[in-house]
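Here's a quick tour of charged side chains and who they pair up with. Have the sequence and the 3D view open as you read.

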Amino acid sequence: MCFALRYGVWKVRAPEPGAVNALVKSGYSPLGAMVLAARGLDTAAAARAAVRCDAPLPDPFCMTDMALAAGRVGLAMTRNEKIAVFGDYDVDGITATCLLADFLRRNGAEVVTYIPGRLEEGYGLNPLAIRTLHEQGVNLIVTVDCGITAIAEALLCRELGIDLVITDHHECKDSLPDAIAVVDPHRPDGGYPHKLLSGVGVAFKLAAALCGSQEQMLEDYADLVCLGTVADVMPLRDENRVFVARGLEKLKATRRPGIAALMREVGLVPENVNATAIGFTLAPRINAAGRMGKIDLAVELFLTDDPERAEILAKALCDLNRERQRVEAQIYQQAVSMLPQGDSPEAIVLADDGWHQGVVGIVASRLAEEYCCPVFLICLDGEHGKASSRSYGGFNLFAALTELSGLLEGFGGHELAAGFTIAREKIDEFRQAICRLAAAYYSDGAPRTVLDVDCEIPPELLTVKNIDSLRVLEPTGNGCPKPVLMMKNLRVERISMVGNGRHMRLRLAAGYEHLNAIFFSMDAQTASIEPGDIVDAAFSAQVNEFRGERTAQMTLLDLRPSCVAECSPDASGYRQLREGRASPADAARLLPDRAVLGHIWRYLAAAGPSISEDPVCLCRKIVRKSGAPLSLGQMLAALDIFADVGLIAVQRRHKAITITVLPAAGKADLHNSRTMQLLLRAKES
């Protein structure tokens, strides 16, 4: 069994016992108190402030330019001017467009909506859209979820005599567009207390400024704000908690025929709707409209008052999502067939003339997770291509594309997801260059995937009552995640497969306690476990209801073999060592003593002549064999020492390290190793 199936590092918090006791005394359950304390909420007041869902909302006019924005929109309503609400093609942009358009229409305004075609126009304001709206007699454009970088487009609006009000939630650049108002909580000259609103959240604030009552706005539109906030993965803190909590209540008895029809179509019981259901069930179907070039379906779904039309639209969206899944599967199979045979690549760069631009980003995400490397999929059109890319393990896409910008025609995005355009003739050169950058990034062997664990708990705390008590954290999601717990030294008693062989059910034992667990999309062979193994488990706790009986269950997130000694994934300073610039602290941390070198060599000699392992997996196996503590950095330094004097050959790749014990290996003076000398000199400097 390897070190862990899905995460290289489990970062386990340790709640302070005094804080746990104080929270228990204030009324929290023992398990709830441990989770809250582990998250730094060490007093009852701090815990209540963090999880409350009824905090007062800040005044919309605290946002810079809100008075200007509300004033200009209000003037347009008074003058009966034609207003265009200009949005974006994802769930956040669609809900923002529908919220503001519906509010303005209900208050007598003449409103048209415009969301650019993802494939034809791309993201944000563009000259074609502005000229089209001008021809339709639009006097005022109000953007939602876009516009903060529309410098040239704002000038075009001014030339055509169209007033522009921008509302957005993305980061501001050095210069702001020359508009009547630019409303964005990220403005550097703003003092709004909650920076991380969604696009629909900012649209809500504009409508609330016009309405004069945020409570009335929540009553009318909390469901739309909730959908956009969750789908755009905004942190569920502060104002966003209010939006989502109120919205979830509204969704359980929604008055919008379109939302009700969509929930029926997907089999979602309104009473069970939560943030997870929005993110994994509703949002993909709404997003399918933008991805597949039929955005009007989603807009009409939210705005229709006709239940029969809502049923037709909901079915159409679900059909469209199935078509998206079919296209996605086809692209995925094509991409996999194009991968080179042999070792896993450092980065995947593939191109094709027939790929769908709206879907390749999803495929890139899937490939990045499966092959543990950054992925770049390029949709070719003539002599040029448009790419979607996804990162893996912290590889900074934006920094890499900046470094290789000379090969690109244009690029944008951030460190985890980015896009670019490139000439067909430059793709091979780009592939070679990005693979070099990825190889350098992954060369130190340090784990790149981290699972944040709230706390280790004893088995007796996993009860139905304690699990129910964790509802105090709802709604959970980004910024307030579902609790992740951990238990050590569990014995695997029984393994069975369920769900047509797709999921693994386990019976685990800790002393006299017996625990039920489910590991989705996993089997015993992949997990390399069998009855009798002693494992550590990272999991979320849930209550399983079957035939009226409620029992505690672990939903496993990861497994790893238990170790009798500490196996630290810390490799800090190792890259500096390889570059000859290790500090004294680095050297002290990395320098393996005689005993450590002996443990590692004996394992290699017994397991050889050739070993290919994930570095952390190898480190963990050495610890299990020797019973002595070891850090990843020490192991990597020791391997370099052995390689320096000809005992082994080492080849590093980002997923694995291959070690060959050389046939002529015998006694060697490890002090002659370049790595050993670097460590000794650095330690003494």
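## A pair in helix H5

Is aspartate 102 buried or exposed? Aspartate 102 is buried, at a relative accessible area of 12%. Keep in mind that this is a predicted model.

The partner to look for is arginine 106: its side chain and that of aspartate 102 form a salt bridge, with N to O at 2.6 Å. Both sit in helix H5 (residues 91–106), four residues apart, which means about one helical turn separates them. Arginine 106 itself is exposed, with 56% relative accessible area.

Next up, arginine 560 and aspartate 536, whose side chains make a salt bridge at 3.2 Å, N to O. Arginine 560 and aspartate 536 are both buried.

One of the links is between the side chains of arginine 79 and glutamate 81, at 3.7 Å from N to O. Arginine 79 is exposed, with a relative accessible area of 52%, whereas glutamate 81 is buried, at 14%.

## The overall count

How many salt bridges does the structure hold? The total is 34.

Terms used:
Residues numbered from 1 in each chain as written. Predicted model: local features only at pLDDT ≥ 70, side-chain atom pairs only at ≥ 80, totals over all residues. Heavy atoms only, no water. Salt bridge = Lys/Arg side-chain N within 4 Å of Asp/Glu carboxyl O. Buried < 20%, exposed > 50% of the residue type's maximum accessible area, 1.4 Å probe, protein only. Helix = DSSP H or I, 4+ residues; strand = E, 2+ residues; numbered from the N terminus.
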